[in-house]
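Hi,

Here is the structure I promised to pass on.

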Amino acid sequence: MKRWVTLGAAAALAGAGLVGSRASAESDQVTAVLRDPGGTVVGLVTFAGDGRGTRVTAVLRPNRYVAADQFHGFHVHANDNPSNGSGCLADPAQPPSTWFLSADAHLARAGEMHGEHAGDMPSVLVTSRGLAVLGFVTTRFTPAAVVGRAIVLHAGPDNFGNVPVGTAPDQYTPNSPAATDKTHATGNSGDRVACGVARRV
């Protein structure tokens with residue numbers, strides 16, 4: 001696993017040649033090139049079949065839209081509502097709250113709340129140098145299930161729906177429905193700062 005992550009990092013940091021020869025050798029492999037609102041490549045996400053499930057590797061290079069030494073929300077979005085546009089659309093001249101809304105909501109079944117979504121993935125921890133490498137295995141989706149979906153990196157950390165609301169001393173009282181609505185939908189992880197559509201290689 002360590003060797004595979006290292007090869008993924010080397011491919012991602014190679015500039016325009018992000019998808020290397022190893023990728024083309026794996027017929028079940030799916031990749032998403034992440035771009036910031038201005039279209040600059042900031043990372044690569046790879047999904048590949050594994051005997052244990054789907055192996056996911058993400059590699060990020062420094063960019064001005066993420067904070068160093070911080071976690072950032074990271075999800076598979078459904079990209080299934082043409083009325084919002086298609087793929088990864090953003091105008092850097094517009095407010096960040098408008099970026100990549102074309103990616104739609106998280107990949108999920110009806111009625112699921114954040115933390116249960118198939119598209120919920122572990123957060124990316126960016127280092128003090130602005131770099132990040134993340135690798136894990138999931139059984140929530142197959143590589144084929146993410147083809148055509150949008151992979152999105154967020155500006156803030158993901159709370160994974162872990163906000164205990166209630167009247168007990170160790171619970172929180174919401175100040176408005178909007179507070180819990182954001183948690184249930186996205187983990188309240190903030191603006192979408194990078195996006196890429198997953199495609200077979």
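**What I found**

Cys88 is partly exposed, at a relative accessible area of 25%. (On that scale, buried means under 20% relative accessible area, exposed means over 50%, and partly exposed is in between, using a 1.4 Å probe and protein chains only.)

Before going further, please keep in mind that this is a predicted model, where local features need pLDDT of at least 70 and side-chain atom pairs count only at pLDDT 80 or more, while totals for chains, interfaces and linings use all residues. Residues are numbered from 1 along each chain as its sequence is written, and side-chain values use heavy atoms, with hydrogens and water left out.

**The disulfide**

Back to that cysteine. Cys88 is joined to Cys195 by a disulfide, with an S to S distance of 1.9 Å; the term stands for a pair of cysteine sulfur atoms within 2.5 Å. By that rule the count is one disulfide. The link ties together distant parts of the chain, 107 residues apart: Cys88 lies in the loop between strand 5 (74-77) and strand 6 (124-125), and Cys195 lies in strand 9 (residues 192-197). (Strands here are DSSP runs of E with at least two residues, numbered from the N terminus.) In contrast to partly exposed Cys88, Cys195 is buried at 2% relative accessible area. The Cys88 and Cys195 link is left-handed, with -60° about the S-S bond.

Strand 2 (residues 41-50) is mostly covered, with nine of its ten residues buried. Strand 2 pairs on one side of the story with strand 1 (residues 30-35), antiparallel over six bridges; two strands count as paired if DSSP finds at least two bridges between them. Thr31 has Thr46 of strand 2 as its bridge partner. Strands 1 and 2 make a hairpin with five residues between them, and Gly39 in the turn has a positive phi of about 95°.

Strand 2 also pairs with strand 3 (residues 53-60), again in the antiparallel sense, over eight bridges. Here Val45 sits opposite Ala58 of strand 3, and the hairpin joining strand 2 to strand 3 runs through two residues.

Side chains of opposite charge can pair when their charged atoms come close. Counting a salt bridge as a side-chain nitrogen of Lys or Arg within 4 Å of a carboxyl oxygen of Asp or Glu, there are two salt bridges in the model. Asp50 forms one with Arg52, where the closest N and O atoms are 2.9 Å apart. Asp50 also forms a salt bridge with Arg55, at 3.3 Å from N to O.

**Two positive phi values**

Most residues other than glycine have a negative phi. Phe100 is not a glycine, yet has a positive phi of about 55°. Phe100 is in the loop between strand 5 and strand 6 and is buried, at 2% relative accessibility. Asp104 is not a glycine either, and has a positive phi of about 65°. Asp104 is also placed in the loop between strand 5 and strand 6, and is buried with a relative accessible area of 6%.

Cheers

Definitions and conventions. Helix = DSSP H or I, 4+ residues; strand = E, 2+ residues; numbered from the N terminus.
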